[in-house]
Amino acid sequence: MRISTITNWAYALTVGLTLLSGGSFIIATHYADREREALDSAWRIDESAEVLARAAELTTEDARLFVFTGEQRYLDAFRAALTEERKRENAVRLLRELGLPEEEMAALRTVEANAEILDAIEEMAVSDFTNGAVDQAKAALFSAEHEEAQFNLLSSVRQLVDLVATLTRGQVEQASAQAALWGTIAKSMLALTALVFLCVLYFVLTRRVARPLLQMSNVVQRLARQDYDVQLLSDGRRDEIGDLNEAIQVFRDNGLERERLDAERRKDQQTKDQILQLMHRLQACRQEGELAPVVALFASQLFPDLSGHLYVMNAGRTALISKSRWGTPTLSGEEFTALECWGIRRGRAHLSDGANNDVRCLHLAERVASSALCVPLSARGDTVGALYFEEVEGSSALSKARTYVELIAENLALAIANLQLRDRLANLAVKDPLTGLLNRRSLDENLADLIQENKDVPTSLMMIDIDHFKRFNDQFGHDAGDFVMGQVAAIITNVAGQGGVAHRYGGEEFAVILREHDGTAALQKAEAVRHAIETAPIDYQGQPLGTLTVSIGVATTEDNRPKATLMQRADAALLRAKSGGRNVVVSDWSGRANRRLA
């Protein structure tokens, strides 16, 4: 029951009991007044009866003394007693006014009749004595008739007094009993009112209001300190305290939800900050190979419950190769063809869930309940790789991380595409597009680096020129000439090996820097190049192109020869080789052409 209802009922009950108590006190007071009135009436009746009796006795005594003595004073006293008649009449009128019952009124009328009879006898005797009939007057006052009249008067007075006394005693007892009864009722109502007030004060104010409010105050204070582990009142009350408790419960639930949302927001912000850091690291990468460890590092931090691979498309764009991995991925291997991934086919993220709600990628292990997500890395309309994640069986981390994974994939694809474009642009800047060798600019930079080095290590330089290449172009065409240039470049690269850095110097001329090669080693390497080109069978579109020869000039930094003149000395040796009959190797220190190999 609601406190307002209890309070209203208690208020109404208290007011009602108070009114009843007050009414009981009023009724008790009324009966107390009636008791006093009954007592007063009894006193007045006794007084009136005494007046009647005394008046009768006085008149009789004065009349007899006058008759016997003849003294005037007794006559005056008798006449004075007659004046008391008015008092008797007043007493009788008073008794009548009291509203006596019929029996008492009959007794009163008898008293009045007896008093009149006695007064008549005595007045007649006094009159006879005054007229000289002394004996007759004495005989009348002492006669049996007078005695009887006096006796009847006194008897009727006593009877009236007894009747009235009985009546007034009953009235007094009845009024006293009613006054006591209503006094008891009034006191009981007052005690009941006090008891109700104390019950309301204890059960309503103390137990149902003060104590719960004190508990709720502690709860609210803890909630104000964001201590949401506090236990609320759970007594199922349906009153104002219950409403407040439900409101506090809603406040607590809202606080918990707000705390949960704040935690998710903080976690989301932390994840976004880590993703932003990843983006900054990706932008700072200068080579494509630097991306893989960066992605693996941040992926393991961002998604600790997930494993995965970073796949990059191969040069032939037929397969994807894992460049890095994090966690322990088991569903997908290190390499798979592009057509085995539905994400690559569709060009959008593809979820292969454990419930088989969609087709599974062919590169995943079969009959596995775990889910996997393949996100293609596409930028500028070109797919450069794929970002792959998988979760353990029964986990839901993949669905929560999908949005972040797709966001990372967009930026990662753009970073890979930019680095690949940068690599292509760098290759175009430093490599010859026809032969794939480093160009003249790279040669100049490498020679400049060589000059600045302080290493006391011999380095040699080969200058190579294709013999009679213009005539070859004129005979077989420029397409065949370009093909021959590529074949010569390939032979030079293969023979020079890791110790030589081949460049296209310009036209049909090539330059090879041989680090850590002295003059003898450089001449041997040059002779091997010349021999390999001369003996290589070259066919173009099924047509033999004949024998191809080259002239080579070699210079070295051995014996403290200046590095700055290495290019000029090698070029001068090449000119001597060409003027000396071609298809020969000439060094700048020998001053002569080396013998051709058979």
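Questions and answers on a predicted model follow.

The model is predicted: local features need pLDDT of at least 70, side-chain atom pairs count only at pLDDT 80 or more, and totals for chains, interfaces and linings use all residues. Numbering runs from 1 along each chain as its sequence is written, and side-chain values use heavy atoms, with hydrogens and water left out.

Reader: What share of the protein's residues counts as buried?
Author: Buried means under 20% relative accessible area, exposed over 50%, and partly exposed in between (1.4 Å probe, protein chains only). The protein has 598 residues. The buried share is 41%.

Reader: How many helices and strands does the protein have?
Author: Helices (H or I, at least four residues) and strands (E, at least two) are DSSP runs, numbered from the N terminus. The count is 15 helices and 13 strands.

Reader: How far apart are the end C-alpha atoms of helix α14?
Author: The expected span of a helix is 1.5 Å times one less than its number of residues. Helix α14 has 17 residues (519–535), so it should span 24 Å. The distance agrees: 24 Å.

Reader: Which arc do the buried residues of α14 cover?
Author: The buried residues of α14 are G519, A522, L523, A526, E527, V529, R530 and I533. They lie on the same side of α14, because their arc around the axis (from the directions of the C-beta atoms) is only 155°.

Reader: Which exposed residues sit on the face of α14 turned away from its buried side?
Author: The buried side packs against β7, α13, β9, β12 and β13. The face turned away from it carries T520 and Q524.

Reader: Which element gives the most residues to the lining of the largest pocket?
Author: The largest pocket has a volume of about 500 Å³. Of its 17 lining residues, K267, T271, L302, K400 and Y404 are the closest to its centre. Elements giving two or more residues are α7 (240–284), α8 (291–302) and α10 (397–430). The most, 6 residues, come from α7.

Reader: Which residues of α8 are buried?
Author: Helix α8 has 12 residues and reaches 16 Å from its first C-alpha to its last. Its buried residues are L291, A292, V294, V295, A296, F298, A299 and L302.

Reader: Is N583 buried or exposed?
Author: N583 lies in the loop between α15 and β13. Its phi is positive, about 55°, although N583 is not a glycine. Most residues other than glycine have a negative phi. At a relative accessible area of 10%, N583 is buried.

Definitions and conventions:
Contact means heavy atoms within 4.5 Å. On a 1 Å grid over the protein atoms alone, a cavity is a set of points where a 1.4 Å probe fits but cannot get out, and a pocket is an open set with protein on both sides within 12 Å along at least five of seven lines; lining residues have an atom within 4 Å of a point. Grid points are joined across faces, edges and corners, and a volume is the space filled by probe spheres set on the points.
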